[in-house]
Amino acid sequence: MADHTGEKTRVDTSSIKTTTLLSFVLFALFLVMVLWGLSNFFLSRYYERARTQEVIRTADALEVQFRQAPHEDFDSYAVQTAGTNGIYIRIDSPDGSLIYDGTSTVKDTGAFGNDIARIRRKLESSASGNVTETVREGSSNNSRLIYAAHISSSGVVSTLYIIAPLYPDRVTVRILTNMLIYISFIVLSVSIFLAYILANRLSSPIENLTASAKELSNGNYNVRFDGASFTETKELAKALNKASYEMEKTDFYQREIIANVSHDLKTPLTMIRSYAEKIIDISGDNPEKRNADLGVIISETERLNRMVGDMLSVSNLQSNNVEMHMETFDLAAAAKEVYESFLVLSSSQGFDIRFHPCKPSYIVGDRSRIMQVMTNFVSNAVKYSGDSKFIDIKLTKGSRKVAFHCIDHGVGIPSDEISHVWDKYYRTSANHERGIEGTGLGLAIAKGILNLHSARYGVESEEGKGSDFWFEMETVRKPAEKKDRKEKKDRKDKK
Ligand code: ADP
């Protein structure tokens, strides 16, 4: 039996939280390392340079003071300067006797004798009037600066010596180290804190979206996706909300179509059964009545056939499983054929269908499928033309384009439903009230066919006023013209 008590909680190293946290901590560690490296390598160099400049500035100030101030004033000035700057100051008279040997915070002033003697010789052989020298202190990395310059007061030229250590004293080093430790600690804690906040802010909308998606997959269409405040997650939430809306819609239509189709299938099946029974029981011996009853059976089977055909067409178009027979044909002539097939309605049911042709307009497409689209538009116009019974079939030819319009003056489509009429199984709300027969598949088939032809299509409609279903395709040259030109060219080439 597996023992779960000792099981460790595994850290998901590829999660946003862990990745963000690790990245931030690594970056902070890198920063801290750079900080320590910089302070070790560059601080001493920077300190040396700054200290040298400071010593030269101090020397200039001392010279000015030496020239102007009486002896005692200079003494106190020098003592103060040596104290504040942590340097050793000495001034020798021209004959080499000591004028001033300043107190110094620099320890071991006695050891400077050699330095003074060496720099004095250097200064004597130098033309510039001042010299500086840096000396390493024993085996340590520390060094000191020795500065010597001629300074004059009342025409008498004396020599100023300054000796300054070029390394921060222990207290300063300790303060700097402590500061670095504090900074490192602050950088690390701030990074971990920020990483934690950021990781949570980044992952929480994704976790919410995942939770909602799980609910959706369980069939809860009421779930709403919340993308929090990030543009990307907001976009994702928007897309998921749309997907869930579409899923809900499809689910709804599918359920409705099952109800509708079973109802629609049941009616012809009941008719077929009752007429067949009637033939057996009553009209079997009467050829006239029997033929009339058989006629009903045939027309009901045709209706069934049409419905099943529609369903097959939609599923084939959806899976791109359709064979197209492309040819160049005149759309105006094909539209006229469609118009003529509906003419019988004009006489039998009082429809006024008018045809407004255009000049022959050749397009490349599957003629029978394009005719299926036009037939669907016109039969819808017939179905939904209400009492007006007045339909216009119009062709308009533009430059390199031809459009087919089927305009009715019937019930129209409510504006909030207009974008859905091309969806499969969609039937406008008004249909249910009127009980108009249909599967909601005709326009979905038309849409599939028109898309396969890269045609533009659409509908303009106003509720209660009627609709204009249209599509537009690019025209090509008349095929014969092409052939003629090819023949002419061939003949020319032969010559
Ligand atoms: P149906 O078999 O229901 O007619 P269609 O796919 O051909 O299916 O049409 C989808 C829906 O679009 C119809 O149910 C109807 O509500 C609406 N519709 C189509 N054509 C028209 C029209 N000319 N006028 C008003 N509504 C229409």
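Does Lys389 count as buried, partly exposed or exposed, and at what relative accessibility? Lys389 counts as partly exposed, at 29% relative accessibility. Buried means under 20% relative accessible area, exposed over 50%, and partly exposed in between (1.4 Å probe, protein chains only). The structure is a predicted model, in which local features need pLDDT of at least 70 and side-chain atom pairs count only at pLDDT 80 or more, while totals for chains, interfaces and linings use all residues. Residues are numbered from 1 along each chain as its sequence is written, and side-chain values use heavy atoms, with hydrogens and water left out.

Lys389 lies in the loop between helix 8 and strand 9 (390–398). Helices (H or I, at least four residues) and strands (E, at least two) are DSSP runs, numbered from the N terminus. Phi of Lys389 is near 55 degrees, a positive value in a residue other than glycine. Arg400 also has a positive phi, near 65 degrees. This residue is found in the loop between strand 9 and strand 10 (401–408). Arg400 counts as exposed, at 67% relative accessibility. Most residues other than glycine have a negative phi.

Helix 8 has 17 residues. From first C-alpha to last, helix 8 reaches 24 Å, close to the 24 Å expected at 1.5 Å a residue (1.5 Å times one less than the number of residues). Its buried residues include Ile370, Met374, Phe377 and Ala381.

Helix 8 also gives the largest share of the lining of the largest pocket, eight residues. A pocket is an open set of points on a 1 Å grid over the protein atoms alone, where a 1.4 Å probe fits, with protein on both sides within 12 Å along at least five of seven lines; lining residues have an atom within 4 Å of a point. The largest pocket holds about 990 Å³ of space, the volume being that filled by probe spheres set on the points. Its lining has 40 residues, and Asn376, Ser379, Asn380, Lys383 and Gly442 lie nearest the centre. Among the elements that give two or more residues to this lining are helix 6 (287–318) and strand 12 (466–474).

Strand 1 pairs with strand 5 (residues 156–165) in the antiparallel sense over five bridges. Pairing requires at least two DSSP bridges between the strands. Ile91 has Leu160 of strand 5 as its bridge partner.
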